[in-house]
Amino acid sequence: MNSKAETLEALGQKGSVLSKKSALVGFDGFVNHILVPVDQRTGPRDSYRPIESIAAFGERISGAAGVGTNIEVVPGREKIGGNGPILSHALLSAGLPVKFIGAMGSPDIYPVFEDLAQKTDAQSLCDPGITHALEFEDGTVMLNNAAALDKITFSNILATVGEGAFFDAVSRADVLALVNWTMIPEMTSIFSALLEKVFPNLGPRQEGRLFFFDLADPEKRSQGELKNALNTIARFCNHGKVILGLNQKEAAQVLSALNEVSSLENEDSYRRAASLVRQSLQIQCVVIHSPRGAAGATKEDSSWIDGPFVEKPRITSGAGDHFNAGLLVAQLMEINLPACLTLATAFAGYYVLHGKSPSLMELDTFIRNWS
């Protein structure tokens, strides 16, 4: 049976398990203002040609060195941003109950987050960051103002949620997703507090727990900080199954911080890179996704799956978070690695093609029609 057939069988037989599980997601939050850079305008309103690629945008910027330039941007919609809110929304669409703790506004939650906050029994720690997201066909350039996220600390989490309530939320969660390490200066300290102050005070758990980590492009952080964070992440193995999700850029940065060498040029190199990171950290699973597919490595296996490449995406910001949502859904169904990667790439593929998060039924149809 191939991976698509296995994935479809799992969706049919195990999809109902999600309603009996739950996820706790934290702790970031952004308001995304989607912008389209204009290449050439031919008339008013929608009469323009967009700059289609990040490379073309880069050439326009480079060509302005020493003289300056003027680039028009066409505003699109305002939407929830940040890894936590987007991941939470995607998991909800798949039928998984979610509790979200993050940055949605203080004292009042921003209107863009109201629906998510209601559906996830959310609690807000502070104001969100602000992102101006430049959309291109091959990716997104995100210009972030993350100053508000300095207030995301372990002490603020306890003060906002309540110590007993937070400990209870952690104890009940089947998945604990800790995302956007790069944008939250105190995130490594939060990791350490969970390990040293929370888990030792929780009772025994009958079923295993998943820990999912998304670093979110650590280029601006030092290699020393990144290595410390990775070593702290590895300590979560004492309390459950640890999954580290990376895109190809993040994978290169992690490999460098761990003094490992691997190119990211083809299927075999992606599989090797995932295995190197997993072995170096001694965690249970590492996944590396790209626009054309994904690789994963566990102690028992490594695999690559070609994804449903979308040539003309409707949206690209949030694609990685939807891949991660699909991966966690698959992990909760306890299916094998190739099927996990298939479901994750399909989840992201549906999102970039249709511009919205899929239900499991929509995902099933998408995989059946995937050619």
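How far is the sulfur of C340 from the closest cysteine sulfur? In this predicted model, local features need pLDDT of at least 70 and side-chain atom pairs count only at pLDDT 80 or more, whereas totals for chains, interfaces and linings use all residues. Residues are numbered from 1 along each chain as its sequence is written, and side-chain values use heavy atoms, with hydrogens and water left out.

The closest cysteine sulfur to that of C340 belongs to C285 and lies 7.3 Å away, too far for a bond. A search of the whole structure finds zero disulfides (pairs of cysteine sulfur atoms within 2.5 Å). C340 is buried, with a relative accessible area of 1%; buried denotes under 20% relative accessible area, exposed over 50%, and partly exposed in between, for a 1.4 Å probe and protein chains only. C126 is also buried, at 2%.

C340 also takes part in a contact (heavy atoms within 4.5 Å) between helices α11 and α12. Helix α11 spans residues 319–333 and helix α12 residues 337–354; helices (H or I, at least four residues) and strands (E, at least two) are DSSP runs, numbered from the N terminus. Their contact includes F323 and L327 of α11 and F347 and Y351 of α12. The contact residues comprise 15 nonpolar, four polar and no charged, where Ala, Val, Leu, Ile, Met, Phe, Trp, Tyr, Cys and Pro count as nonpolar, Asp, Glu, Lys and Arg as charged, and the others, Gly among them, as polar.

Strand β11 (residues 241–247) is mostly covered, five of its seven residues being buried. Strand β10 (residues 210–214) runs parallel to β11 and is joined to it by five bridges; pairing requires at least two DSSP bridges between two strands. L210 has K241 of β11 as its bridge partner.

Methods. Axes are lines fitted to C-alpha atoms, for helices over the stretch in contact, and angles run from 0 to 180 degrees between N-to-C directions.
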